[in-house]
Amino acid sequence: RKHVIEESTVADALRQLDPLWDELFPAEQARIVQLLIERVVLAEDGIEVRFRPDGLNALATELEEKECAND
């Protein structure tokens, strides 16, 4: 069964992540980027970033779980 997360929950999770980003270790930043981005394609005429369809949901769920654990 797939866990559905509201758009507002995802937005809240990203807002929480923004001020913390510079405080994260590079390995944790890389893990989050890998969770969100499927592929980056470089071409002579630009760049294409393919996001993982479930990446934001996975990140939001993870941040929500951490927040609940801290309450």
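**Pocket and helix packing at a glance**

Sorted by class, the largest pocket is lined by six nonpolar, five charged and one polar residue. Keep in mind that this is a predicted model. The pocket holds about 160 Å³ of space, and helices α1 (7-20), α2 (26-36) and α3 (55-70) are the elements that each give two or more residues to its lining.

**The largest pocket**
- The lining is made up of Q16, L17, L20, L24, E28, R31, I32, L59, E62, L63, K66 and E67.
- Which helix gives the most to that lining? That's α3, with five residues.

**How α2 sits against α3**
- Two packed helices are described by the angle between their axes and the distance between the axes.
- Here, α2 and α3 pack at about 135°, and their axes are 7 Å apart.
- That angle makes α2 oblique to α3.
- On the α2 side, the contact uses E28, R31, I32, L35 and L36; on the α3 side, G55, L56, A58, L59, E62 and K66.
- Class by class, this contact has six nonpolar, four charged and one polar residue.

**Salt bridges**
- Side chains of opposite charge can pair when their charged atoms come close.
- Searching the whole structure turns up two salt bridges.
- One of them joins R31 and E28, with the closest N and O atoms 2.9 Å apart.
- Both R31 and E28 lie in helix α2, three residues apart, or about one turn of the helix.

Definitions and conventions. Residues are numbered from 1 along each chain as its sequence is written. This is a predicted model: local features need pLDDT of at least 70, side-chain atom pairs count only at pLDDT 80 or more; totals for chains, interfaces and linings use all residues. Side-chain values use heavy atoms; hydrogens and water are left out. On a 1 Å grid over the protein atoms alone, a cavity is a set of points where a 1.4 Å probe fits but cannot get out, and a pocket is an open set with protein on both sides within 12 Å along at least five of seven lines; lining residues have an atom within 4 Å of a point. Grid points are joined across faces, edges and corners, and a volume is the space filled by probe spheres set on the points. Helices (H or I, at least four residues) and strands (E, at least two) are DSSP runs, numbered from the N terminus. Ala, Val, Leu, Ile, Met, Phe, Trp, Tyr, Cys and Pro count as nonpolar, Asp, Glu, Lys and Arg as charged, and the others, Gly among them, as polar. Axes are lines fitted to C-alpha atoms, for helices over the stretch in contact, and angles run from 0 to 180 degrees between N-to-C directions. Angles under 35 degrees count as roughly parallel, over 145 as roughly antiparallel, 65 to 115 as roughly perpendicular and the rest as oblique. Contact means heavy atoms within 4.5 Å. A salt bridge is a side-chain nitrogen of Lys or Arg within 4 Å of a carboxyl oxygen of Asp or Glu.
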